[in-house]
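Look at the structure first, then read on.

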Amino acid sequence: MTKHGAVVVPEDAAVGRHFSFPPPRTGGDSCKKLAGQVDLGAAMMGSWLDSMKASSPRHRLVAPRVAATGSSDADETEDDVWMEKHPSALGSFGAVAAAASGKQVVMFLDYDGTLSPIVEDPDRAVMTEEMRDAVRGVAEHFPTAIVSGRGRDKVFNFVRLEELYYAGSHGMDIKGPTADSNHHLTPSKAKSVLCQPASEFLPMIGEVHDALVAKMASIPGAKVENNKFCLSVHFRCVEEKTWGALAEQVRAVLRDYPRLLLTQGRMVLEIRPVIKWDKGRALEFLLGALGFADRDDVFPIYIGDDRTDEDAFKVLRGRGQGAGILVSKFPKDTLASFSLRDPDEVKGFLRQLVRSSNS
Ligand SMILES: O=P(O)(O)OC[C@H]1O[C@H](O[C@H]2O[C@H](CO)[C@@H](O)[C@H](O)[C@H]2O)[C@H](O)[C@@H](O)[C@@H]1O
């Protein structure tokens, strides 16, 4: 644990990762250079604005899926090629099940956009009872973790299943199940799982939260969310003409905090400590805690919809194990192997997994 606590720049944070936002302009490998990246001024503002627009469903990154009439062949080819590279995990369920056969499945689930649909108000991103049943079913068979950008307590309050592992704050706050479950570990060992590699940042995050709340008060629709070790500044309900001003205000606050990193999710700016820790590290930590670190007979499945989930897909690729599944209706640049279109399909996949484990 302590070896991960050092403040170092993530190898692939902000620069050079699959989804790098803003687009890389510097080859920074130190906290200072990363801070500089947030600070490049007007030229950089353009790229922030571009990426903010790209994160909106109103601004598609790539060509739309082809409707029955009217679209060009080029659009169709792009979509088909993407689906060939990232086939539906439901359509290819047989292949996933065959690859997992004889192995210990460990399930990792992102929350927003994966278990609950994206909605305007982050406080109302509830998951349905059917989805809760599907997750409960999976957790009866396999160790199951929720890996979210949300604070751990907040995501627990949405999911409300005590038998799961929870990794909140983009994996920086990991805790084992609070209730006995059908897991690999003895109940007391499972309950003792805990990892908080960014705890030294708590006071700083509190300070920045307060500063951002004060700044955002003048921007109608902006919302600052405290995710304990990370912060989110939502702009989904902010008029698009004000996005540039919002990003500039956030960057102004962060100028005094070079040990914090600004990244972007779905209509949200995210602020997190510059440590070498992300959802991929959380996945590795949990596999280790479960005793699967060096095992060949483990099959981790990670399902997520956002840029931060790419860190976990990358780890699975690196291990040459398991299956990364991107939740998206549109082709996106991703390291996931499979795709599902929306939370409904995620629910279908989870149910299918349970059915196939029972048969
Ligand atoms: O890792 P996740 O569980 O996917 O969390 C990432 C962020 O999700 C939430 O924001 C997103 O969902 C909201 C509710 O649907 C939506 O309004 C927002 O636009 C999305 O970005 C959450 O509120 C953030 O704090 C998380 O960082």
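A residue is buried if 20 or more other C-beta atoms lie within 10 Å of its own, exposed if 12 or fewer, and partly exposed in between, with C-beta atoms placed from the backbone. This is a predicted model, in which local features need pLDDT of at least 70 and side-chain atom pairs count only at pLDDT 80 or more, while totals for chains, interfaces and linings use all residues. Residues are numbered from 1 along each chain as its sequence is written.

Q: Is glutamate 129 buried or exposed?
A: Glutamate 129 is in helix α5, residues 129-141. Helices here are DSSP runs of H or I with at least four residues, strands are runs of E with at least two, and both are numbered from the N terminus. Glutamate 129 has 8 C-beta neighbours inside 10 Å, so this residue counts as exposed.

Q: Is methionine 216 buried or exposed?
A: Methionine 216 sits in helix α8, residues 202-216. Two residues are in contact if their C-beta atoms, placed from the backbone, lie within 7 Å. Leaving out residues up to four places away in sequence, methionine 216 touches Ala222, Val224 and Val233. Because 21 C-beta neighbours lie inside 10 Å, methionine 216 counts as buried.

Q: What percentage of the residues of the protein chain count as buried?
A: The protein chain holds 12 helices and 12 strands. Of its contacts with a separation of 6 or more, 60% are between residues 24 or more positions apart. The chain has 359 residues, and the share that count as buried is 45%.

Q: Which residues does phenylalanine 108 touch, not counting residues up to four places away in sequence?
A: Phe108 is among the residues of the largest nonpolar core that touch the most other members. Apart from residues up to four places away in sequence, phenylalanine 108 touches Ala145, Val147, Leu283, Pro300, Ile301, Tyr302 and Ala312.

Q: How are α10 and α11 oriented to each other?
A: Two packed helices are described by the angle between their axes and the distance between the axes. Axes are lines fitted to C-alpha atoms, for helices over the stretch in contact, and angles run from 0 to 180 degrees between N-to-C directions. For α10 and α11 (residues 310-319), the angle is about 50 degrees and the axes are 6 Å apart. Angles under 35 degrees count as roughly parallel, over 145 as roughly antiparallel, 65 to 115 as roughly perpendicular and the rest as oblique, so α10 and α11 are oblique.

Q: How many residues of the contact of α10 with α11 are charged?
A: The contact is made by Lys279, Gly280, Leu283 and Glu284 of α10 and by Asp311, Ala312, Lys314 and Val315 of α11. Ala, Val, Leu, Ile, Met, Phe, Trp, Tyr, Cys and Pro count as nonpolar, Asp, Glu, Lys and Arg as charged, and the others, Gly among them, as polar. The contact has 3 nonpolar residues and 1 polar residue, and the charged ones number 4.

Q: How many of the 10 residues of α11 are buried?
A: The buried residues of α11 are Glu310, Asp311, Ala312, Phe313, Lys314, Val315 and Leu316. What covers them includes β1 (104-109), β2 (144-147), α10, β10 and β11 (323-327). Helix α11 is mostly covered, and its buried residues number 7.

Q: Is serine 169 buried or exposed?
A: Serine 169 lies in the loop between β3 and β4 (173-175). Its phi is positive, about 50 degrees, although serine 169 is not a glycine. Because serine 169 has 28 C-beta neighbours inside 10 Å, it counts as buried.

Q: Which strands each supply at least two residues of the shell around the ligand?
A: The shell divides into 7 nonpolar, 8 polar and 9 charged residues. At least two shell residues each come from the strands β7 (231-234) and β9 (268-273).

Key:
Core = buried A, V, L, I, M, F, W, Y, C linked by C-beta atoms within 7 Å.
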